[in-house]
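Hi,

Here is the structure I promised to pass on. Have a look at it first, and then read my notes below.

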Amino acid sequence: MENKEISKTLKLLAQLMELHDENPFKIKSVANASFKVDKLPFKLKDKAQDELDKIDGIGKSIATKIIELFNTGGLKELNDLIAITPIGILDMLSIKGLGPKKIIIIWKTLGIENVGELYYACNENRLIEAKGFGLKTQEEIKKAIEFKMASNGRFLYARLEPIVTQYQDLLAKLSNATEILVTGEFRRKCEIIDELAFIVVAPNFKLFIDKIQQLENISNLETTPNSIRFKDQNSLTIRCFEADETTLAYRLFETTGVEAHVEKVKALLPDHSTTYTSENVIYEAAGLAYIEPELREDFNEIALAQAKQLPSLITYADLKGTLHNHSTWSDGVHSIEEMAIYCRDTLKLEYLGLCDHSKTAVYANGLSIERVLQQHEEIEKLNQKLAPFKIFKGIESDILSDGSLDYPDEILTKFDFVVASVHSNLKMDEDKATQRLIKAIENPYTTILGHPTGRLLLSRSGYPLDFKKVIDACAANQVTIEINANPLRLDLDWRWHQYALEKGVLLAINPDAHRNEGFYDMHYGVYVARKGGLTKEKCLNAFDLASIQTYFGHKKQAL
């Protein structure tokens, strides 16, 4: 075992000892020894065991640990501490700028146990509320987490939006292209991007490849006569395909859909021509209605296109209001009035659904019963002031471990609508997690099931569910399912939208906004809703004000 490995082991031991509030003198001794070992001009493995405790900065206690490392390859004390530390907390130790003192606050005070939850908290401005954290520290932690995520070569769609524009400009400059078109996963609006693909219509593609090869900080270079693929300094995979004016439409079609979709359409084409004037013409030649890029995932889109039964996909312009949003009453940044005016005047929406956190969410300043009643008084006054714009009295009520909601019925009945969501105890098995949700869905006061799996993309898997049972329960109880539009969530997953729609379940594209800027996340919700085949008629917040008031009213009359 080399000195550097010994040093790292001792450093981790010191960090975990600090996390678990052990003797500070012992912690300091181990931390100092870690530093000393890393700087030694000789290898410890070359020293006799009785010499180790005589080395400056080591001593008998540390020498014993080093001998244990040599003899067994590990430390029992370290293994015991690892066993009682959540794996997500261990992951945090690898994030630049996060030491044990900060992690203790994140873990013990904020109740955050993994990197995904921490990243979400940074996005929701929750970290700055904790002692010792400011806006600058929060942003540094957020960037460090993004760097860690990027090292895996996978990226959230939302994170790549500005990068796509930058690459289009760069590629156009390098190629003198007449057109640079985005294709592949990004064009299909996939929630996670493994490869960013472009079509380049350039006068000399070989010269373009030569210029790409001269760029600094690129790796994993692969070329063919009509394509080039490489990784940039952020571990993002870029692929460029050649096309000319005559083959552009076919090339765009060929590189957009998943392989199975493309091959099935090709099999329906009358010949092997690659010369088409548009993608519409390609699908028409195959005897199909035009299939939007978002749908080209080899689900049932080809059968629907053959039968001329493709859905008319929802657009952002179809949204009439926004539901599930948080104000300064819980953990939001803007007041109710600020959010309402922004929705009315900037976004031109007809209504705002306010859903601050409920009393169980202490970490998010959840509303006690007394504060609920106070908030309702404020909303009533604002509705008089801002009419005809409407603020609906909602709540994001925590689903407790047994599936019950965390207010009594006499309080739940005072809300216009209730979003029921899980925020705690995410480690249940599939049966218990499913039954927990079904009990909440069967609660007559539940209007919307919020972010059903609790997933955080690229960082936390959702808890396991029997999706069919959950969706069937929503259908039986007339409960809407949320498409949480936060780009870290996008939950319910689009792959289950069609089943929900077939069962007659409404979906709601909810931004879960904690500040005015968060309303724009509804764009990402629309993207995945389109992938799932959602139409405006089946989207709750595409209802106009009169229709959604009637809908909420009918739900309450049925109680």
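Let me start with the second largest cavity. Its lining is made up of Leu156, Tyr157, Ala158, Lys189, Cys190, Glu191, Pro487, Leu490, Tyr524, Tyr527 and Val528. H10 and H23 are the elements that each give two or more residues to this lining, and H23 gives the most, with three. By class, the lining of the second largest cavity splits into nine nonpolar, no polar and two charged residues. The space inside comes to about 50 Å³. Before you go further, please keep in mind that this is a predicted model.

Two of those lining residues also turn up as a ring pair. Tyr524 and Tyr527 have ring centres 6.1 Å apart and planes at 75 degrees, so the pair is edge-to-face. They sit three residues apart in helix H23 (residues 522–531), which puts about one helical turn between them. Is Tyr524 buried or exposed? With a relative accessibility of 14%, Tyr524 counts as buried, since the cut-off for buried is under 20%. Lys189, another residue of the cavity lining, lies over the face of Tyr527, 5.1 Å from the ring centre.

On to the other cavities. The structure has four of 30 Å³ or more. The largest cavity holds about 90 Å³ of space, and 13 residues line it, with Asp416, Tyr445, Thr447, Lys556 and Leu559 closest to its centre. S11 and H24 are the elements giving two or more residues to that lining; H24 has the largest share, three residues. Sorted by class, the lining of the largest cavity has eight nonpolar, two polar and three charged residues.

Phe417 belongs to strand S11 (residues 417–421) and Phe552 to helix H24 (residues 545–557), so the pair links parts of the chain 135 residues apart. Their ring centres are 5.0 Å apart and the planes are at 5 degrees, so this pair is stacked. Both Phe417 and Phe552 are buried. In total, the structure holds 21 aromatic pairs. There is also a second case of a lysine over a ring: Lys108 lies over the face of Trp107, at 3.8 Å from the ring centre.

Now the pockets. How much space lies in the largest pocket? About 970 Å³. It is lined by 46 residues, and Glu113, Asn114, Glu117, Leu426 and Arg460 lie nearest its centre. Helix H6 (87–92), helix H8 (115–123), helix H9 (135–150) and strand S10 (390–398) each supply at least two of the lining residues, with H8 giving the largest share, five.

Of its 25 lining residues, Asn123, Lys142, Asn486, Pro487 and Asp521 are the closest to the centre. Pro487 is also in the lining of the second largest cavity. H8, H9, strand S1 (155–156) and helix H10 (157–175) each supply at least two residues to this pocket, and H9 gives the most, with four. Here the lining divides into 12 nonpolar, four polar and nine charged residues.

Last, the strands. Seven of them form an open sheet in the order S8-S9-S10-S11-S12-S13-S14, with parallel pairing. Strand S8 (321–325) and strand S14 (507–510) stand at the edges with a single partner strand each, so one side of each has no neighbour in the sheet. Strand S9 (residues 351–357) is joined to S10 by seven bridges, and within that pairing Cys355 has Gly394 as its bridge partner.

Elsewhere, S7 (residues 237–242) pairs with two strands. It runs parallel to strand S4 (residues 196–201), with five bridges, and Ile199 has Phe241 as its bridge partner. S7 runs antiparallel to strand S6 (residues 227–231), again with five bridges, and Lys231 stands opposite Thr237. The hairpin of S6 and S7 has five residues between the strands, and Ser235 there takes a positive phi near 65 degrees.

Cheers

Methods:
Residues are numbered from 1 along each chain as its sequence is written. This is a predicted model: local features need pLDDT of at least 70, side-chain atom pairs count only at pLDDT 80 or more; totals for chains, interfaces and linings use all residues. Side-chain values use heavy atoms; hydrogens and water are left out. Two strands pair if DSSP finds at least two bridges between them. On a 1 Å grid over the protein atoms alone, a cavity is a set of points where a 1.4 Å probe fits but cannot get out, and a pocket is an open set with protein on both sides within 12 Å along at least five of seven lines; lining residues have an atom within 4 Å of a point. Grid points are joined across faces, edges and corners, and a volume is the space filled by probe spheres set on the points. Ala, Val, Leu, Ile, Met, Phe, Trp, Tyr, Cys and Pro count as nonpolar, Asp, Glu, Lys and Arg as charged, and the others, Gly among them, as polar. Rings of Phe, Tyr and Trp (its six-membered ring) pair if their centres lie within 6.5 Å; planes under 30 degrees apart count as stacked, over 60 as edge-to-face and the rest as tilted. Buried means under 20% relative accessible area, exposed over 50%, partly exposed in between (1.4 Å probe, protein chains only). A charge sits over a ring if NZ of Lys or CZ of Arg is within 6 Å of the ring centre and within 35 degrees of the ring normal.
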